[in-house]
Amino acid sequence: MRATFMHAAGDIRVEDVPDSRTKEPTDALVRITAAAVCGSDLHAYRAKPAEYGPARMGHEFIGVVEATGSDVTTVKAGDLVVSPWIIADGTCEFCREGMHVACAKASYWDMVPDEGAQAEAIRVPFADGMLVKVPVAADSALVPSLLTLADVLGTGHHAAVAGGVNERTRVTVIGDGAVGLMAVLAAKRRGAEQIILMGRHEARTDLGLEFGATDVVAARGEEGIAQVRELTGGHGTHVVIEAVGHKPAYEQALGVVRGGGVISRVGLPQYEEAPIGLGSLFVRNIRLVGGAAPVRAYTDELLPDIINGVIRPGKVFDRTISLEDVGDGYREMADRTALKVLIKP
């Protein structure tokens with residue numbers, strides 16, 4: 001079968017590999033019908049050293065179950081399923097509490113040597129805990145929206161949940177990538193009274209307005225902070241969702257958050273040190289929340305809204321490519337000529 005490897009920064013190749021197959025009684029084999037390139041993949045695409053060797057890529061997919069291990073009871077051959085971006089057993093104390101990222105058996109697709117979602121098939125461990133059956137055909141027009149359940153929709157929703165967004169909150173979302181736009185959609189879904197999207201790419205911010213943003217601020221730094229404060233009576237917003245992952249975005253969040261407010265970080269951090277002390281968080285009673293999203297905990301809540309047409313998160317996909325063209329997809333997302341790429345193996 002064919003699968004995607006990243007050999008080094010900017011070096012994406014689709015190569016022949018041995019067919020995936022079940023190995024454990026709890027496994028399922030899934031033939032992938034749709035996958036995606038994630039914004040987090042671009043961090044490695046821009047900086048991965050060649051000496052680390054090739055890595056299998058991809059952690060967002062939908063597909064058809066081809067076979068299951070003897071212990072799998074919740075899905076069967078022929079089912080169309082979606083999988084979360086993180087591998088967890090679904091049964092431990094943390095998984096039962098909805099914190100799958102803390103599962104003792106947790107791992108990441110991009111760290112499994114012989115598997116990856118930007119491929120023709122994949123072995124799914126802990127299939128009963130991981131896979132969610134979706135009640136449509138593989139060629140359904142809902143597939144792009146259902147694919148967002150693997151990561152970006154659940155991540156945006158996690159940001160809103162962790163931040164405590166409700167009908168009485170004003171929200172700033174920093175970042176107009178797919179996760180930022182999903183955070184806008186999630187904040188709207190939870191009833192936020194004002195949603196300010198900070199982004200500079202008009203096609204993306206237009207989609208943000210469609211998803212529920214009430215205002216767009218294109219400026220960055222001090223100018224952007226001043227504009228957000230002007231839109232909020234000088235105070236800033238109750239919740240700031242930082243969906244970028246770079247330190248300047250975090251510093252911008254500090255500038256626009258209201259006293260007593262919350263900064264919810266879901267952008268993959270590319271830094272270890274940032275202001276959290278007396279003048280930045282402590283005196284103003286600012287809370288810092290967020291983190292890696294346990295998207296499986298939210299799937300059952302979000303799935304019906306997609307099936308019933310309440311939300312259409314699949315609009316973040318603005319480019320569809322074949323598996324053989326996946327290198328073009330990475331390049332277009334890195335160059336910002338594509339927002340999010342859908343792969344059809």
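User: Quick one to start: is F126 buried, exposed or partly exposed?

Analyst: Partly exposed, since its relative accessible area is 21% and the buried class ends under 20%. Keep in mind that this is a predicted model.

User: Noted. Where does F126 sit?

Analyst: In the loop between β9 (121-124) and α3 (127-130).

User: And what about the phi of F126?

Analyst: Phi is positive there, about 50°, although F126 is not a glycine.

User: Which other residue has a positive phi although it is not a glycine?

Analyst: N285 is one, with phi at about 55°. N285 belongs to the loop between α10 and β16 (287-290).

User: Is N285 buried or exposed?

Analyst: Exposed, because its relative accessibility is 56% and the exposed class covers values over 50%.

User: What does G261 touch, ignoring its sequence neighbours?

Analyst: Beyond four places in sequence, G261 is in contact with H238, N285, I286 and R287.

User: Buried or exposed for G261?

Analyst: Buried, as its relative accessible area is 3%.

User: Changing topic: what's going on with α9? Why call it largely enclosed?

Analyst: Because seven of the ten residues in helix α9 (residues 247-256) are buried, the rest of the structure largely encloses it.

User: Which residues of α9 are buried?

Analyst: A249, Y250, Q252, A253, L254, G255 and V256.

User: What else does D151 touch, and where is it?

Analyst: D151 lies in the loop between α4 (143-147) and α5 (152-163). Apart from residues up to four places away in sequence, its contacts are C38, H59, E60, W85 and V295.

User: You mentioned K340. What does R319 touch?

Analyst: K340 turns up there too: with neighbours within four places set aside, R319 contacts E332, A338, K340, V341 and L342. R319 is in strand β17, residues 319-322.

User: How long is the polar contact between R319 and E332?

Analyst: 2.6 Å, between the two side chains.

User: And how far apart are the C-alphas of R319 and A338?

Analyst: They're separated by 6.4 Å, with the residues 19 apart along the chain.

User: Is R319 buried, exposed or partly exposed?

Analyst: Partly exposed, because its relative accessibility is 30%.

User: Last topic: which residues make the nonpolar surface patch?

Analyst: L278, F282 and V283 make it, and the patch is about 370 Å².

User: What do you have on L278 in particular? Which helix is it in, and is it buried or exposed?

Analyst: L278 is in helix α10, residues 278-282. It counts as exposed because its relative accessibility is 60%. The loop that holds N285 runs between α10 and β16.

Note on methods:
Residues numbered from 1 in each chain as written. Predicted model: local features only at pLDDT ≥ 70, side-chain atom pairs only at ≥ 80, totals over all residues. Heavy atoms only, no water. Patch = residues over 30% accessible without salt bridge, like charges linked within 9 Å, V, L, I, M, F, W, Y side chains within 5 Å. Areas by Shrake-Rupley, 256 points an atom, 1.4 Å probe, with all protein chains shown as cover. Salt bridge = Lys/Arg side-chain N within 4 Å of Asp/Glu carboxyl O. Helix = DSSP H or I, 4+ residues; strand = E, 2+ residues; numbered from the N terminus. Buried < 20%, exposed > 50% of the residue type's maximum accessible area, 1.4 Å probe, protein only. Contact = heavy atoms within 4.5 Å. Polar contact = N/O pair within 3.5 Å; in protein donor to acceptor, adjacent residues only side chain to side chain.
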